[in-house]
Each structure stands twice: as C-alpha cells, then as structure tokens.
Amino acid sequence: MNFLTDPNIAFVLLVSGFVLATLALFAPGTGLVELGALFALALAAYSLASLPINVWALVILILGVIPFVLAMRKTRHWVFLLIGIAALVVGSIFVFRNPEGGLAVNPLLAGIVSLVAAAFLWLIGRKSLEAIGLKPVGNREAIIGKRGEARTDIYLEGTVYVGGEEWSARSRTRIPIGSLVRVVSRDGLILDVEPVSPEELAAG
C-alpha cells in the first residue's frame, strides 16, 4: 500500500471518490457508482491518515458536501453547485502538504484533474437541476399511485420505469428487478415505491 503515500495518487483518489459520490447523489442507480465512491474514499482516507495534511483544507472539503446537498435536495439552485465544486477543488488541492508546509500535489496534475472534475460535476449537476425544472410542479402528485416496473433491484436506490419514463427510485423493502411496483411519493427526481402484492395482481 506504499503507493497510497504518494500525495499525487492520494489526490486523484480523493477527487475521484468525491466525484463518484456526487454523481450518486444526483443520479442514484444500481449501486456500482456508490461502491466505486466508497472504495476510492476508503483508499483516500488511508492516505489522509498516512500523509501530512492541512486540517483547514480537509474541513473545507468536508463542508463542501453541504452545498451539493442543498443544490439537489432543497434549493435546487446552481449557485450552491458552484460553491460545492469550488470547495472540492480548493480542499482537495491543498489538503496534502509537504514536510515544509507547501503544496505536496504536482501543480500540473492538480490543475488538470481539478478542471476535469469541475467540468464533469457542473455538467451532471446542471443537467440534473434542469431535469427537475422540466417536471411541472403542478403535476408533482400526478405520478403517485401509478404502477411501473423495476428496471434494477431496488432497496435504498434503484431504477423504475413509470409513466413512459425511467426514474431513480428507492424502497423501504428490497424489490427484485422485473417486479411490478407502485409509486407512493416523489422527492424531486426520486420516486418512493413499494412492491405490488400478488393479491393485487390477481385482482387486476
């Protein structure tokens, strides 16, 4: 695991983990993205524990998660998306320091990775917010009660096909792929669903 003590590798792992985690926040799916984020962040955590760090940059990095949550779940405003991206860039670049206290990450690598990550997060974030805006608020309840099909296994997250569209979905109980589901509520682009019982299927 000596390669994890290289601040450049640790930087890439840290940024990759946060990008994947943010992607999972905006577009929940099969769980593969979440597993990738968890793996990358776990390796980055090992690096953080092994290398000299700037605590203030780590605080900025952690607090930067809040604007992403606000952008998606509450205010749905792109300004919070920008704040979150800025916090990720600044925090990840400066979190690792050399023994003299200076920047430990290669500046060229830091610049390229930060630009790519920022552009990706901006694109995904804006598209997600625009998609939410395309859903008329007046029809927010129209999909509730409709039936659809589970396109993936669903538990805390997954995908369903309802009303001619694919939606991100979550359920309090595990629902196998291919099962018939009913929408019980909606939170932005995420549907809360429940399985349709065999009795209901038999009754039509």
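What you're looking at is a predicted model, where local features need pLDDT of at least 70 and side-chain atom pairs count only at pLDDT 80 or more, while totals for chains, interfaces and linings use all residues. Residues are numbered from 1 along each chain as its sequence is written, and side-chain values use heavy atoms, with hydrogens and water left out.

**View A. Helix 5, residues 78–94, end to end.** Helices here are DSSP runs of H or I with at least four residues, strands are runs of E with at least two, and both are numbered from the N terminus. Helix 5 has 17 residues, and its first and last C-alpha atoms sit 25 Å apart, close to the 24 Å expected at 1.5 Å a residue. Its buried residues (under 20% relative accessible area; exposed is over 50%, partly exposed in between, with a 1.4 Å probe and protein chains only) are Leu81, Gly84, Ile85, Ala87, Leu88, Gly91, Ser92 and Ile93. When you look for a pattern in such a list, remember that an α-helix has 3.6 residues a turn, so residues three or four places apart point the same way.

**View B. The largest nonpolar core and a second, separate one.** A nonpolar core is a set of buried Ala, Val, Leu, Ile, Met, Phe, Trp, Tyr and Cys residues joined through side-chain atoms within 4.5 Å. The largest has 30 residues, with Phe11, Leu14, Val95 and Phe96 making the most contacts inside it. Two or more residues each come from helix 1 (7–26), helix 2 (32–50), helix 3 (55–63), helix 4 (65–74), helix 5 and helix 6 (107–134). Helix 1 gives the most, at eight residues. The second core is separate and has 13 residues, including Ile154, Val160, Val183 and Leu189.

**View C. Strand 3 and its neighbours, strands 2 and 5.** Strands pair if DSSP finds at least two bridges between them. Strand 2 (residues 158–162) runs antiparallel to strand 3 (residues 165–170), with five bridges joining them. Valine 162 has glutamate 165 as its bridge partner. With strand 5 (residues 190–195), strand 3 pairs in the parallel sense over three bridges, and there arginine 170 partners aspartate 192.

**View D. Arginine 170 and its salt bridges.** A salt bridge is a side-chain nitrogen of Lys or Arg within 4 Å of a carboxyl oxygen of Asp or Glu, and the whole structure has four. Arginine 170 reaches aspartate 187, with the closest N and O atoms 3.5 Å apart. That pair links strand 3 to strand 4 (residues 180–187), 17 residues apart. Arginine 170 also meets aspartate 192, at 2.7 Å from N to O, which connects strand 3 with strand 5 across 22 residues. Arginine 170 is partly exposed at 25% relative accessible area, as is aspartate 187 at 24%, whereas aspartate 192 is buried at 18%.

**View E. Arginine 182 and glutamate 194.** These side chains meet in a salt bridge of 2.6 Å, N to O. Arginine 182 lies in strand 4 and glutamate 194 in strand 5, so the pair ties together parts 12 residues apart in sequence. Arginine 182 is buried, at 15%, while glutamate 194 is partly exposed, at 32%. As for shared partners, salt bridges join Arg170, Asp187 and Asp192 into one network.

Methods. The expected span of a helix is 1.5 Å times one less than its number of residues.
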